[in-house]
Amino acid sequence: MPGPLPFDEMTNVDGSIREPYSILDQWLKQQPAEAMGVMAADAEAIFRRLGITFAVYGSNEGTEKLIPFDIIPRIISAVEWRRLSKAIEQRVRALNAFLHDIYHRQEILRAGRIPEKLILDNSAFCPEMMGLDPARGVYSHIIGVDIVRVGPDDWYVLEDNLRTPSGVSYMLEDREAMLQLAPDLFQRLKVAPVDSYPENLRRTLDSVAPPGASGAPTLAVLTPGIYNSAYFEHSFLADQMGAELCEGQDLFVENGKVFMRTTMGPRRVDVIYRRIDDDYLDPLTFKPDSMLGVPGLFDAYRAGNVTLVNAPGTGIADDKAVYTYVPEIIEFYLGEKPLLKNVPTYNCTRADERAYVLEHIAELVVKEVHGSGGYGMLVGPTSTKEMHDIFREKILARPDNYIVQPTLALSTCPTYVESGVAPRHVDLRPYVLVGDQIRITPGGLTRVALKQGSLVVNSSQGGGTKDTWVLED
């Protein structure tokens, strides 16, 4: 693993500027002293006007917060992106093959390559999906892969998001803001566009419509409603795609088909991009007390009369314990070596690895297997001795509930903060669409830890976002 000094994506150790950033560096040096502050204020005004907020659960600051946005873009060269996107495509192909196998013949379990207990006893495994063949054999159509960089050619996958990855609206709005704020910089650099994402999402959803769909398929985005933290994104994507934004009560099932209530009478729905969790999709199949879902929806899905995007049960492929086996999964289904590395991970159910973790917890990152959003995790080097002791107890009580990883020296990018321009740690979530073909948006969402020294980039934990520029040849 790399040493403690983080790799800076703009500046080499000797102070020289890395090639992808040379024009940005010149541009930054040309800005008058007050210009960056004005730009940052303009950016905040743009996001306030658009209403780009997220809900913070359990916060004393009110439920809605503006997503912090950094005005200095992150830049990735064309060569770097080609290598990265090829590796991402390999990963999503293997994970979809894994999902098909797990819900059919379970060859990987029979071969002993993954412990059967890890899959079949996992709360993310959905027995109701056994033997079901989704349209085009695609289980996870919309995937976000969380990646960190630790060196010029060293990228690691932190986690895979195959259920309902969020944040793509921020990627699109970040670009829209930068086009307004720094048009002159775009003229000096050839930046790959990202604005085709909604159109590509629509194409992907159209391509997996059930055979019975006539003409242009009717698409619906199923949202839990206005109190959900990602509601802005649900409404934004529905609007951009020309799809209907629906809550569970807007839909009903009749004769095995799904319909939407409209002022003109019932309208058949072909594809549902669902932004609610498996458990709440259908009270007749899953949680009986769910008020968010649609009674009978899963039976309509099983009958092939509607497509659910992403399919129920995809969470088994992004479970943090299954993550440790993804290199094995790639080799098993594709016969290829993984092009992207996993972060080395300790399995706390193994006595020797657990003993090491308990002894070295102050140096490590501990994550709940089903945790998300930066909650339920411990970053050892920045936590107190008391927190170390609490997490030791948690691991001893439920060793299967945690994975543990070394503290990576995440790369840094120049970021505009109160004191001026300074390096801050970043990660990257590229977005992948899988349907009639695999489409990867150039770049993705860069999240930035705005607090000095912090490695936690989640907006719920004080992080912000940056526009990600992939340079074209």
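Predicted model: local features only at pLDDT ≥ 70, side-chain atom pairs only at ≥ 80, totals over all residues.
Local features were taken only at pLDDT of at least 70 and side-chain atom pairs only at pLDDT 80 or more, whereas totals for chains, interfaces and linings use all residues. Residues are numbered from 1 along each chain as its sequence is written, and side-chain values use heavy atoms, with hydrogens and water left out.

Nonpolar cores were defined as sets of buried Ala, Val, Leu, Ile, Met, Phe, Trp, Tyr and Cys residues joined through side-chain atoms within 4.5 Å. Buried denotes under 20% relative accessible area, exposed over 50%, and partly exposed the range in between, with a 1.4 Å probe and protein chains only. The largest such core comprises 68 residues. The residues with the most contacts inside this core are Ile88, Phe98, Tyr103, Ile119, Met129, Leu251 and Ile272. Helix 3 (residues 78-102) gives the most to the core, with ten residues. Helices (H or I, at least four residues) and strands (E, at least two) are DSSP runs, numbered from the N terminus. Another core, which lies apart from this one, has 55 residues, including Phe186, Tyr197, Ala209 and Leu237. When neighbours within four places in sequence are left aside, Ile119 is in contact (heavy atoms within 4.5 Å) with Phe98, Ile102, Leu109, Ile114, Phe125, Ile316 and Val322.

Arg149 is located in strand 4 (residues 142-151) and is buried, at a relative accessible area of 0%. Its side chain forms a polar contact of 2.7 Å with the side chain of Glu80 and reaches the backbone oxygen of Gly151 at 3.2 Å. A polar contact is a pair of N or O atoms within 3.5 Å; within protein, one must be able to donate a hydrogen and the other to accept it, and residues adjacent in sequence count only if both atoms are side-chain atoms. Beyond four places in sequence, the contacts of Arg149 include Phe7, Glu9, Arg18, Arg74, Asp154 and Trp155.

Strand 4 is joined to strand 20 (residues 431-434) by three bridges, and the two run antiparallel; strands pair if DSSP finds at least two bridges between them. Gly144 has Tyr431 of strand 20 as its bridge partner. Strand 20 is also joined by three bridges to strand 21 (residues 438-440), again antiparallel, and the two form a hairpin with three residues between them. Here Val432 is partnered by Ile440. Tyr431 and Leu433 point one way from strand 20, Val432 and Val434 the other way, and all are buried.

The structure contains 13 aromatic pairs. Rings of Phe, Tyr and Trp (its six-membered ring) pair if their centres lie within 6.5 Å; planes under 30 degrees apart count as stacked, over 60 as edge-to-face and the rest as tilted. The pair of Phe391 and Tyr402 is edge-to-face, because the ring centres are 6.3 Å apart and the planes stand at 75°. Phe391 belongs to helix 14 (residues 385-397) and Tyr402 to strand 17 (residues 402-406), so the pair ties together parts eleven residues apart in sequence. Both residues, Phe391 and Tyr402, are buried. Ring pairs also link Phe98, Phe332 and Tyr333 into a cluster.

Strand 17 also holds Pro406, which counts as buried at 17% relative accessibility. Pro406 lies 7.0 Å from Glu363, C-alpha to C-alpha, although 43 residues separate them in sequence.
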